[in-house]
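Colleague: Could you take a close look at the disulfides here and walk me through them one by one?

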Amino acid sequence: MAMRLWMVTLALAALLAMDSEGQASAGKIVFSRMPICEHMAASPKCPQTPELICGTDGVTYKNECHLCVARIKTKRDIQIVKDGEC
């Protein structure tokens, strides 16, 4: 019984994690996380340190700051899918 409840909870969490753009492709559920952009100015100077991250828009960004700049410029809810290249 506990295992069934755990499976239902995981399935429900997966459904809630998907955003309106439908990040489930080919039956694969993708979990994303929000970048920390609250401290950012309108056009910040991002460090050039490569810490590649993959955005929910399918673009590989040099680091989280560059993703935040794209969020500000495009006014889109771009989140982090994973660390590394898309």
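Modeller: What follows goes through the disulfides in turn.

This is a predicted model, in which local features need pLDDT of at least 70 and side-chain atom pairs count only at pLDDT 80 or more, while totals for chains, interfaces and linings use all residues. Residues are numbered from 1 along each chain as its sequence is written, and side-chain values use heavy atoms, with hydrogens and water left out.

The structure holds three disulfides, a disulfide being a pair of cysteine sulfur atoms within 2.5 Å. In one of them, the sulfur atoms of Cys37 and Cys68 lie 1.9 Å apart, and with -80° about the S-S bond the link is left-handed. Cys37 sits in the loop between helix H1 (2-17) and strand S1 (53-55), whereas Cys68 belongs to helix H2 (residues 64-74), 31 residues apart; helices (H or I, at least four residues) and strands (E, at least two) are DSSP runs, numbered from the N terminus. Cys37 is buried at a relative accessible area of 15%, and Cys68 is buried at 1%, where buried means under 20% relative accessible area, exposed over 50%, and partly exposed in between (1.4 Å probe, protein chains only).

Cys46 and Cys65 form another disulfide, with sulfur atoms 2.0 Å apart, and its torsion of about -75° makes it left-handed. Cys46 lies in the loop between H1 and S1 and Cys65 in helix H2, so the pair ties together parts 19 residues apart in sequence.

For Cys54 and Cys86, the sulfur atoms are 2.1 Å apart, and 110° about the S-S bond gives a right-handed link. This pair joins strand S1, which holds Cys54, to the segment after strand S3 (80-83), which holds Cys86; Cys54 is buried at 6% relative accessibility, but Cys86 is partly exposed at 45%.
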